[in-house]
Amino acid sequence: MSEAAASHATDRRDLTAAQRNAVAELLRVSPVADELGRRFAAAGHELHLVGGSVRDALLGRLGEDLDFCTDAHPDQTLDIVRGWAEAIWETGREFGTIGCQRGGLRLEITTFRAESYDQVSRNPVVAYGTSLAEDLRRRDFTVNAMAVSVPEHRFTDPYGGLADLAAKIVRTPGTPAESFGDDPLRMLRAARFAAQLRFAVHPDVRAAMTRMATDLDRITAERIRDEFTKLLCGADPIAGLRLLVDTGLAERFLPELTGLKLEIDEHAQHKDVYEHTLTVVSNAVSYEEDGPDFVLRMAALMHDVGKPATKAIGPDGRVSFHHHEVVGARLTKVRMKALRYPKDVTAKVTTLVGLHLRFYGYGRGEWTDSAVRRYVTDAGDLLPRLHKLTRSDCTTRNRRKAAQLAADYDALEERIARIAAEEDLARVRPDLDGNAIMELLGVPPGPVVGRAWKHLKDLRLERGPLDRDTAEAELLRWARDEGIVG
């Protein structure tokens, strides 16, 4: 059999498998979907399962969220689902979408669209379309431009989405320029598909992404953030990240990633920071236990972003990046704020970036029990992630060095466990609480109590638990030194 014939045979087998998946998945949801379709038909309207729902059905991974399109307008859709749906929401009504729930499924029903951007604003201009064909043409990629009518189960695929799904390729229904001109976020979505589905991006699509990268500036930070988060949490984030950098898209919203491509001086060698970072992200993924962990992955991605600003070459020709973790934490905070990430998520990522170097030096025997306590206390509930990030950061090809680092970290984790068993490290508190401090010093609530509390906590970290008499004596000694008591 020729190579071309073998490839064609493989494609046929893939298509057959996809079609079998779709039948099984559609049968699973058809009691609800078909019942809804019959209600729309009785009212004189079409209803089609569409887009990502059809794609996921073909992939055998259809979830509980179903997307439909219809020629009915939102008011008409509401009339049809009232009394049938167990719950209804209208949050997407301005975009022609009505949501409802039935039989454990979440259904979103959207009026046929003829949506486009005005090439200037950051938000889409939504106009209702008149046909399924028009609706499918305005969709982002061919694999999302397929539909199945309900209740008839008639399959519509005008742009070869099924074949592209079998070939695992991202292609646009019309020209890439037309698609990305309508919505520049689709360029970022193409990279997300590469990460989530492990699909290749068609050369024409990739070329348009490179040529039109600056158009991403028209998109709001929130929409970019949401797409990027999905990309980073994909099955293969490295493929998506490389695509962002290679096309210039990263430069538009995450320039720190591109900035990791430091120029390598032949006389001052250091490892490729960009490639190292991608390896650390990949390592971090391998340490996950309960699905994608955005905080861990983002910390792995940003852990070395402070290196370009701190790079220095010493008299001996060696390259250093002193305090790059401090600079990196600051840059990470600024970038995540610009992308409108929640403050608590940003705080977790920046804390991990700031702490990722703390471990180095442990193997030289310099760490006291006090240093271990501070390590645990500073990490707080991020300690399990810090363990994973620190282990992920070991990318040396020197097997002896890698084995030594792993052994050192094993020893640190064992030491943490031993001290934790003795002292309850998860809740390190001063040996005297605020009330005891006020009573002993005879002071009211205020800054003095806070300073005293901090002193006692530092003492607790340094020396471990103190008995009551020792703690009181240390507090009085500190208060005398501070001139608080005579």
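**Reading rings, helices and a core**

Tutor: F228 and F253 are both buried; buried means under 20% relative accessible area, exposed over 50% and partly exposed in between, using a 1.4 Å probe and protein chains only. Before we go on: this is a predicted model, where local features need pLDDT of at least 70 and side-chain atom pairs count only at pLDDT 80 or more, while totals for chains, interfaces and linings use all residues. Residues are numbered from 1 along each chain as its sequence is written, and side-chain values use heavy atoms, with hydrogens and water left out.

Student: How many aromatic pairs does a search of the whole structure find?

Tutor: In general, a pair of aromatic rings is described by the distance of the centres and the angle of the planes. Rings of Phe, Tyr and Trp (its six-membered ring) pair if their centres lie within 6.5 Å; planes under 30 degrees apart are stacked, over 60 edge-to-face and the rest tilted. Here the search gives 3 pairs. In one of them, the ring centres of F228 and F253 are 5.6 Å apart with planes at 70 degrees, so that pair is edge-to-face. F228 sits in helix α9 (residues 221-232) and F253 in helix α11 (residues 250-253), so the pair ties together parts 25 residues apart in sequence. Helices (H or I, at least four residues) are DSSP runs, numbered from the N terminus.

Student: Is the pair of F294 and Y341 stacked or edge-to-face?

Tutor: That one is stacked, at 5.2 Å centre to centre and 20 degrees between the planes. F294 belongs to helix α14 (residues 294-302), and Y341 to the loop between α16 (324-338) and α17 (343-355), so this pair links parts 47 residues apart in sequence. F294 is buried at 12% relative accessible area, and Y341 is buried at 9%.

Student: At what angle do the axes of α8 and α10 cross?

Tutor: Two packed helices are described by the angle between their axes and the distance between the axes. The axes of α8 (residues 203-211) and α10 (residues 237-247) come within 8 Å and cross at roughly 55 degrees. R206, M209 and T210 of α8 make the contact with L243, D246 and T247 of α10; contact means heavy atoms within 4.5 Å.

Student: How many residues of helix α2 are buried?

Tutor: Helix α2 (residues 52-59) has 7 of its 8 residues buried, among them R55 and D56. After α2 comes G60, with a positive phi near 75 degrees.

Technical notes
Helices (H or I, at least four residues) and strands (E, at least two) are DSSP runs, numbered from the N terminus. Axes are lines fitted to C-alpha atoms, for helices over the stretch in contact, and angles run from 0 to 180 degrees between N-to-C directions.
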